[in-house]
Amino acid sequence: MTLLGCGSGHSTRERLREERKLCRCKVPIRIEKAAVNGVAGWRKRVEDGSLRLRLQKGDPRRLFEAERESYHQVARAGLPFPKLLEEGKSHFIVADAGVTLRHLARAGAAHAAEFETALIAAAETLARLHRAGFSHGRPNLCDICWADGQITFIDLENFSSKRNTPDGHARDLLIFFFDILAERGRVDEVVRAAARAYQAQDRMNIWGRAQARLDRLRPFVPALLWLTRPVAHKRDFRGIPGFVSLFDAKA
Ligand SMILES: Nc1ncnc2c1ncn2[C@@H]1O[C@H](COP(=O)(O)OP(=O)(O)O)[C@@H](O)[C@H]1O
Ligand SMILES: [Mg+2]
């Protein structure tokens, strides 16, 4: 693969610099590429606990331990997350899972077909995760990897057993499609194909639950769109109309 993804030939530093540019998710220094016995992986360290971060996210050590334990839990359940290759007091290393869907989405026309294939696979894999009774917690495109025709979710910072419920699955589904719509700007054939892929695996009507959740917010949407007019072109806002229409039960 000629992408900036793992194994692309770019150095870690170059890749992280590119990640920072391309991916709105933070890629702080606490995350870096690493290898364990020749197996490529990513080292994650306890986050540096500035006061702002503590207020926003909570105690970094507790979050770190919770994420580490979540990696153990999903491994025991045989779910599509990378294996833990190494563990230390203040770090762990998970196996490299390939290129993120965010990279693929922005990799240009030459990779458009691969992005579509990966996105459909991600929607199916998310539905299967939900069928197994688990939620990811925040399945953004930069937390979903693609390698050798395989989807692997990463980043368990928002994973929590209290979200492993139909409501938690619906929340996941809304986050996933919100990020897709933010990326693509409108509902196109690729977005529709991903929606169909999820629905085809959806045995618990999680899609209907997500529609009901969004319906409760629908009365506020016109005001939200009006208030956000000055930033309507920006990534996080431009997808809102398409997102709302995708989950419109009456459409
Ligand atoms: N196992 C992995 N395989 C491939 N890329 C990874 C992996 N782990 C982390 N990354 C890269 O590092 C980025 C940040 O890692 P992540 O675990 O999501 O940390 P954060 O909690 O800061 O979002 C990801 O978006 C991805 O680009
Ligand atoms: Mg992340």
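**View 1. Strands E2 and E4 lie side by side in a predicted model.** Strand E2 (residues 39-45) and strand E4 (residues 91-95) run antiparallel and are joined by 5 bridges, where strands are DSSP runs (E, at least two residues) numbered from the N terminus, and two strands pair if DSSP finds at least two bridges between them. Lysine 44 has phenylalanine 92 in E4 as its bridge partner. Residues are numbered from 1 along each chain as its sequence is written, and chains are lettered from A and ligands numbered from 1 in the order in which they are written. Because this is a predicted model, local features need pLDDT of at least 70 and side-chain atom pairs count only at pLDDT 80 or more, whereas totals for chains, interfaces and linings use all residues.

**View 2. The open sheet has the strand order E1-E2-E4-E3.** Its 4 strands pair in an antiparallel manner. Strand E1 (31-36) and strand E3 (84-87) stand at the edges with a single partner strand each, so one side of each is left without a neighbour in the sheet.

**View 3. Helix H7 has buried and exposed residues.** Val191, Ala194 and Tyr198 are the buried residues of H7 (20 or more other C-beta atoms, placed from the backbone, within 10 Å of the residue's own; exposed means 12 or fewer, and partly exposed lies in between), a helix being a DSSP run of H or I with at least four residues. Seen down the axis of H7, these buried residues fall within an arc of 65° (taken from the directions from the helix axis to the C-beta atoms), so they line one face of the helix. On the other side of H7, Glu189, Arg192, Arg196 and Ala200 are exposed.
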